[in-house]
Amino acid sequence: MSTEENKALMRRFYEEVYNQKNLAAIDDYIAPNFFNHSASQLGITGGGDLEHVKLFVSMVMQVFPDLHYTVEDLIAEGDKVVARLTISGTQQGAFMGIPATGKHVTVSNIEIFRITNGRGVETWVQVDFLGLLQQLGAIPTPGQAS
């Protein structure tokens with residue numbers, strides 16, 4: 001696939017899976033031999049394979065039912081696509097030991113996907129978890145009394 005086709009694939013992935021809440025579509029975009037190298041997500045789900053991707057996405061959608069991904073940039077070279085994303089949603093369930101707060105959050109996210117035969121086979125994700133935890137009130141912001 002060309003770099004433009006890979007970028008289009010990733011745009012459809014975020015729109016269909018996350019924004020349209022279509023968990024069944026994960027198999028259309030992620031290969032069975034997929035591996036997630038991201039420590040932050042591995043710590044939440046305990047693994048990095050396709051089944052853990054499904055578990056992670058399902059859990060995040062339950063916690064943030066109005067979850068929305070905005071694709072800010074897609075950059076591709078060879079078999080890799082880098083996505084700069086803005087993720088927003090309202091916490092309606094427990095997350096990482098934090099009870100539901102009802103707070104709306106917006107975080108930045110960078111994801112790198114390696115694509116083979118029209119499906120993601122590897123990813124590296126860098127989410128602003130500090131910003132997320134601060135917005136949820138779990139960690140004080142600088143200058144805020146703890």
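Asn 36 is found in strand 1 (residues 30-36), where strands (E, at least two residues) and helices (H or I, at least four) are DSSP runs numbered from the N terminus. The model is predicted: local features need pLDDT of at least 70 and side-chain atom pairs count only at pLDDT 80 or more, while totals for chains, interfaces and linings use all residues. Residues are numbered from 1 along each chain as its sequence is written, and side-chain values use heavy atoms, with hydrogens and water left out.

Asn 36 counts as buried because its relative accessibility is 5%; buried means under 20% relative accessible area, exposed over 50%, and partly exposed in between (1.4 Å probe, protein chains only). A polar atom of the Asn 36 side chain lies 2.8 Å from the backbone nitrogen of Ser 38.

Strand 4 (residues 104-116) has two faces. In a regular strand the side chains alternate between the two faces of the sheet. Val 105, Val 107, Asn 109, Glu 111, Phe 113 and Ile 115 make up the covered face of strand 4, whereas the uncovered face includes His 104, Ile 110 and Arg 114. Strand 4 pairs in the antiparallel sense with strand 3 (residues 80-90) over 11 bridges, pairing being assigned if DSSP finds at least two bridges between two strands. In this pairing, Gly 89 stands opposite Val 105. Strand 5 (residues 119-127) also pairs with strand 4 in the antiparallel sense, over eight bridges, and here Phe 113 stands opposite Thr 123. Strands 4 and 5 form a hairpin with two residues between them. Asn 117, in the turn, has a positive phi of about 50 degrees.

The buried residues of helix 4 are Leu 50, Val 53, Phe 56, Val 57, Val 60, Met 61 and Val 63. They lie on the same side of helix 4, because they cover an arc of only 165 degrees around the axis, taken from the directions from the helix axis to the C-beta atoms.

The structure holds two cavities of 30 Å³ or more. A cavity is a set of points, on a 1 Å grid over the protein atoms alone, where a 1.4 Å probe fits but cannot get out; lining residues have an atom within 4 Å of a point. The largest cavity has a volume of about 200 Å³, a volume being the space filled by probe spheres set on the points. Of the 18 residues that line the largest cavity, Val 60, Ile 87, Val 107, Val 127 and Leu 132 lie nearest its centre. Strand 4 supplies the largest share of this lining, four residues.

Note on methods. A polar contact is a pair of N or O atoms within 3.5 Å; within protein, one must be able to donate a hydrogen and the other to accept it, and residues adjacent in sequence count only if both atoms are side-chain atoms. On a 1 Å grid over the protein atoms alone, a cavity is a set of points where a 1.4 Å probe fits but cannot get out, and a pocket is an open set with protein on both sides within 12 Å along at least five of seven lines; lining residues have an atom within 4 Å of a point.
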